[in-house]
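Here is a friendly walk through one protein model, meant to be read with the sequence and the 3D view side by side. Please keep both open as you go.

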Amino acid sequence: MSTAPNRRAVAVILLIPLMVTLALWAFAWPAARIAPRDLPVGVAGPASAAQQLEQRFEQRDGAFDVHRFDDEAAARTAIEERVVYGAVVATPRGPHLLTASAASPVVSQLLREAVTASAPEDTPVRVTDVVAAPPGDPRGSALGASVLPLALAGMAAGAVVTLMGLRGARAAVTLVGSAALVGLAATAVAHSWLGVVTGDWWTEAGVVALTVLAIGSAVAGLAALFGPRGIGLGALLMVLLGNPFSGVTSAPELLPEPVGVIGQWLPPGAGGSLLRSVAFFDGSAAGGAVLTLSLWALTGLAAVMSARRVPTTAEPAAPVREPALTG
């Protein structure tokens with residue numbers, strides 16, 4: 001009796017617990033280790049008072065990356081340009097905390113607690129939300145939940161293109177067309193219906209489309225290079241790692257090192273950061289994310305365009321011509 005079925009059964013028995021363990025590590029470990037790591041914050045005000053504020057931040061070694069600003073106006077500008085997540089302004093009436101819940105509600109709450117705890121007793125802390133999260137998503141949970149559907153949409157597009165045996169220009173057009181439609185549909189839901197994002201409608205649709213295209217092209221490109229196993233590799237990168245490493249639900253600087261950095265190199269993290277920039281900050285600090293997504297999309301499309309078309313199981317194989325008999 002052949003032992004091949006038995007070997008396959010053993011492989012499945014061992015593979016499933018391994019995948020579950022990997023998924024728990026990827027999703028649960030970063031969430032359980034949320035803490036500031038070189039989190040960009042600002043201090044402003046008179047030199048002596050600002051220095052005291054800076055020293056309080058620096059007491060937590062490695063937690064904050066402190067920027068000094070001359071006054072409150074400069075600190076507000078830095079927040080609006082996504083240079084810092086928040087800033088503390090020293091005033092005669094006590095510290096004035098500037099936050100941006102649109103950048104990260106988790107960071108805003110963290111700064112509020114940190115500044116309140118370090119302020120002198122009976123000293124009120126005034127808080128101003130410079131760039132507030134939209135009323136439709138005050139805690140940022142809906143925006144964070146949008147990363148996984150986009151990753152799944154890109155995965156589906158890349159897998160379908162591969163399984164249908166599409167290559168060359170036809171595959172590229174299919175990936176671009178599906179990404180564009182997803183961008184329109186997702187923006188109609190998130191912007192027009194739910195009010196989760198509040199920037200320019202067409203810019204947001206373009207960001208969603210570019211994110212889905214980067215993921216779909218990467219999956220299809222990996223499949224073109226490595227065969228059907230490339231789809232599994234794409235799922236590992238884009239869903240199992242890209243989604244929990246994106247930092248969209250908190251902030252990349254709150255994730256364990258180097259998870260936050262790796263997440264921004266993958267399309268889900270870059271797409272989430274870019275969508276936040278165009279939705280709430282008029283595109284500030286968007287250059288790096290645009291470059292990352294463009295590189296993934298162009299590299300994947302190049303691999304798909306250069307790959308030889310493989311017939312699907314539904315298509316008849318090309319007939320083999322027998323050599324003519326001579327003599």
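## A charged pair to start with

Which residue forms a salt bridge with R68? The partner is E54, and the closest N and O atoms of the two are 2.9 Å apart. A salt bridge here is a side-chain nitrogen of Lys or Arg within 4 Å of a carboxyl oxygen of Asp or Glu. Because R68 belongs to strand β2 and E54 to helix α2, the pair ties together parts that are 14 residues apart in sequence.

R68 is partly exposed at 42% relative accessibility, while E54 is buried at 16%. For these words, buried means under 20% relative accessible area, exposed means over 50%, and partly exposed is in between (1.4 Å probe, protein chains only).

## How to read the model

This is a predicted model, in which local features need pLDDT of at least 70 and side-chain atom pairs count only at pLDDT 80 or more, while totals for chains, interfaces and linings use all residues. Residues are numbered from 1 along each chain as its sequence is written, and side-chain values use heavy atoms, with hydrogens and water left out.

Helices (H or I, at least four residues) and strands (E, at least two) are DSSP runs, numbered from the N terminus.

## The sheet

Five strands make an open sheet in the order β2-β1-β3-β4-β5, with mixed pairing. Its edge strands are β2 (64–69) and β5 (126–129), each of which pairs on one side only. From one strand to the next, the twist averages 25°. Two strands pair if DSSP finds at least two bridges between them.

Inside the sheet, β1 (residues 39–44) and β3 (residues 87–91) pair in the parallel sense over three bridges. A44 has V89 as its bridge partner in β3.

## Helices on the sheet

Helix α2 (residues 47–58) packs on the sheet and touches β1, β2 and β3. The direction of α2 makes about 170° with that of β2. Contact means heavy atoms within 4.5 Å; axes are lines fitted to C-alpha atoms, for helices over the stretch in contact, and angles run from 0 to 180 degrees between N-to-C directions.

Helix α3 (residues 72–80) lies across β1, β2, β3, β4 (94–99) and β5. With β4, helix α3 makes an angle of about 25°.

## The other salt bridge

How many salt bridges does a search of the whole structure find? The search finds two. Besides the pair of R68 and E54, the side chains of E72 and R76 meet in a salt bridge (3.0 Å, N to O).

E72 and R76 are separated by about one helical turn, because they are four residues apart in helix α3. E72 is partly exposed at 25% relative accessibility, and R76 is partly exposed at 27%.

## Backbone details in the loops

What is the form of the peptide bond from E257 to P258, cis or trans? The bond is cis, with omega near 0°. P258 sits in the loop between α9 (229–241) and α10 (259–265).

R82 is not a glycine, yet it has a positive phi of about 60°. R82 is found in the loop between α3 and β3 and is partly exposed, with a relative accessible area of 22%.

A285 is not a glycine either, and its phi is positive at about 55°. The loop between α11 (267–280) and α12 (287–306) holds A285, which counts as exposed at 57% relative accessibility.
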